[in-house]
Amino acid sequence: MTPASPKPSSRDAIREAANDLFPRNGYAGTSVRDIAGAAGVDPALVIRHFGSKENLFLDTMTVSLDNQPLLDGPIETLGEDFIRTMLTADDQVRGVFLALLRASDTGEVGSRLREVHDQSFVAPLRDRLTGEDAELRARLAASLVGGLLYALGVVGDDELAGAETEHIVGRYGSLLQRLITP
């Protein structure tokens, strides 16, 4: 008889449920009861561990692009490489971005969105760029990428979503590359 794998703590189960539900249903579409039900705990335990739904949202909605081309690869192909990464990123990455965007007028969520934007997009890009206007170009480039994610996830542009990935990578990547190049 093999030993059973340890059951996750209630805090971990709540975080796991929130990581699944918030990106899929958004902040407004996910209740504390939904999270508790998915975690198999009492709703009061969600509040005991995290203080509020908003605190849980802020705690769990983070973006991590471990293989992002902002950190590696040749700067000469960074535009296309980065767009390809964003288009092929898993649903969790896009879901977190969209959940943050949609809830940006809720309490501290707007400041978390700015923090994610700065830490995940602007700072790594700025660190790779040269020239006196590197900060501005990094911010413009991050905004360009955010616009693509907005068109795909919020607007739901079906024609854009149905376009061939490599076609978007070529066209949009070249726009991004123009911002990156001094």
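The axes of α5 and helix α10 (residues 165-180) come within 7 Å and cross at roughly 130°. Axes here are lines fitted to C-alpha atoms, for helices over the stretch in contact, with angles from 0 to 180 degrees between N-to-C directions. α5 and α10 are therefore oblique to each other. Angles under 35 degrees count as roughly parallel, over 145 as roughly antiparallel, 65 to 115 as roughly perpendicular, and the rest as oblique. The model is predicted: local features need pLDDT of at least 70, side-chain atom pairs count only at pLDDT 80 or more, and totals for chains, interfaces and linings use all residues. Residues are numbered from 1 along each chain as its sequence is written, and side-chain values use heavy atoms, with hydrogens and water left out.

**Overall architecture**

The protein has 10 helices and zero strands. Helices (H or I, at least four residues) and strands (E, at least two) are DSSP runs, numbered from the N terminus. The C-alpha trace spans about 55 × 45 × 35 Å along its principal axes. Of the 182 residues, 41% count as buried. Buried means under 20% relative accessible area, exposed over 50%, and partly exposed in between (1.4 Å probe, protein chains only). Among contacts with a separation of 6 or more, 68% join residues 24 or more positions apart. A contact means heavy atoms within 4.5 Å.

**Helix packing**

| Pair | Axis distance | Angle |
|---|---|---|
| α5 and α10 | within 7 Å | roughly 130° |
| α5 and α8 | within 11 Å | roughly 30° |
| α2 and α3 | 8 Å | about 100° |

The α5 and α10 crossing is right-handed. A crossing is left-handed if the near helix is turned anticlockwise from the far one by less than a right angle, and right-handed if clockwise. On the α5 side, the contacting residues include Leu78, Gly79, Phe82, Ile83 and Leu87. Their partners in α10 include Ile168, Val169, Tyr172, Gly173 and Leu176.

α5 (residues 78-88) also packs against α8 (residues 134-155), with axes within 11 Å and a crossing of roughly 30°. That makes α5 roughly parallel to α8. This crossing, too, is right-handed. Phe82, Ile83, Met86 and Leu87 of α5 meet Val145, Leu148, Leu149 and Leu152 of α8.

α2 and α3 pack at about 100°, with their axes 8 Å apart. That makes α2 roughly perpendicular to α3. From α2, the residues Val32, Arg33, Ile35 and Ala36 meet Pro43, Val46 and Ile47 of α3.

Helix α1 covers residues 10-25. Its 16 residues should span 22 Å at 1.5 Å a residue, and its end C-alpha atoms are 21 Å apart, which agrees. The expected span is 1.5 Å times one less than the number of residues. Buried residues in α1 are Ala13, Ile14, Ala17, Ala18, Leu21, Phe22 and Pro23. Their cover includes α2 (32-39), α3 (43-50), α4 (53-60) and α6 (91-102).

Just after α1, Gly26 takes a positive phi of about 80°. The backbone oxygen of Gly26 lies 2.8 Å from a polar atom of the Thr30 side chain. A polar contact is a pair of N or O atoms within 3.5 Å; within protein, one must be able to donate a hydrogen and the other to accept it, and residues adjacent in sequence count only if both atoms are side-chain atoms. Thr30 sits in the loop between α1 and α2. Thr30 is buried, with a relative accessible area of 1%. Leaving aside neighbours within four places in sequence, Thr30 contacts Leu21, Phe22, Asn25, Ile35 and Lys53.

Glu54 belongs to helix α4. At 19% relative accessibility, Glu54 counts as buried. Its side chain reaches the backbone nitrogen of Glu108 at 2.7 Å. Beyond neighbours within four places in sequence, Glu54 is in contact with Tyr27, Thr106, Gly107, Glu108 and Val109.

Ser104 lies in the loop between α6 and α7 (109-128). Ser104 is partly exposed, with a relative accessible area of 31%. Not counting residues up to four places away in sequence, Ser104 touches Val109, Gly110 and Leu113. Ser104 and Tyr27 are 77 residues apart in sequence and 9.7 Å apart in space, C-alpha to C-alpha.
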